[in-house]
Amino acid sequence: MASVSLISETSFCQTWENEGVQGASKSIRSLKEIRGEGVVRQKWDMSCGAAALSTLLTYDFKDNTPESAIVVWILHRVDPVRVRARGGFSLLDLKRFAQARGYSAEGFTGMSIEELALEKTSVIVPIRLKGFDHFIVVRQITGGRVIVADPGFGNLTMKVDRFQTLWKEGIVFIVHPPTELMLTEKRSVMASRLVPDETIIQRRIDITAPSNPLY
């Protein structure tokens with residue numbers, strides 16, 4: 001792999017179902033439900049990194065980890081004013097949380113789209129869209145499209161060439177579970193083909209860290 005190891009403090013922030021043979025009923029899922037399947041949506045405008053990590057741990061490794069737990073843990077260890085000045089959490093913040101939870105994690109820069117497509121699990125990458133830095137989860141690259149779980153928007157896909165114009169410096173953040181038994185098979189979800197819009201992210205994160213005896 002030609003990529004270079006990187007961990008820094010840079011921040012970025014219808015299906016039908018038959019029920020019985022006779023008189024089968026139909027259940028319709030809304031676009032909103034489809035878009036939100038398997039994605040932890042960020043609650044604050046600077047918590048995309050925490051929501052992306054929560055999505056990865058909860059849905060890829062079946063380790064239910066709320067976004068709020070990650071936010072609280074980090075804010076009890078990093079000056080909230082510094083987090084605000086950076087515009088969100090850094091890869092180093094996310095790495096430290098993952099390690100504290102028993103995972104190993106590493107960051108790379110200069111990774112190619114071909115290398116990214118070979119990753120066995122979903123990964124977190126930073127993108128820059130309309131002047132905003134943002135973390136998203138890349139789940140799969142197939143058929144010339146990148147399948148994404150976006151904490152600010154939900155499920156979506158985009159063409160590979162479009163993704164490459166947004167992807168920052170080939171940076172990839174990879175989390176490894178403590179045992180391979182936690183790995184789940186990659187699967188495609190019915191995703192919207194829309195591009196995320198930063199105006200959807202509205203709430204700001206408070207600089208006061210709430211108490212949490214678990215962390």
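**Close-up views of a predicted model**

D63 is buried (under 20% relative accessible area; exposed is over 50% and partly exposed in between, with a 1.4 Å probe and protein chains only), at a relative accessible area of 15%. This is a predicted model, in which local features need pLDDT of at least 70 and side-chain atom pairs count only at pLDDT 80 or more, while totals for chains, interfaces and linings use all residues. Residues are numbered from 1 along each chain as its sequence is written, and side-chain values use heavy atoms, with hydrogens and water left out.

**View 1. Salt bridge between D63 and R101.** A salt bridge places a side-chain nitrogen of Lys or Arg within 4 Å of a carboxyl oxygen of Asp or Glu. In this pair the closest N and O atoms are 3.0 Å apart. D63 lies in the loop between α2 and α3 and R101 in the loop between α5 and β2, so the pair ties together parts that are 38 residues apart in sequence. R101 is partly exposed, at 30% relative accessible area.

**View 2. Salt bridge between R128 and D133.** The N to O distance is 2.7 Å. R128 is partly exposed at 40% relative accessibility, as is D133 at 24%. Salt bridges with shared partners join R128, D133 and K168 into one network.

**View 3. Pairing of strands β2 and β7.** Strands are DSSP runs of E with at least two residues, helices are runs of H or I with at least four, and both are numbered from the N terminus. Strands β2 (residues 104–109) and β7 pair in the antiparallel sense over five bridges; pairing requires at least two DSSP bridges. V172 in β7 is the bridge partner of F108. Four of the five residues of β7 (residues 172–176) are buried.
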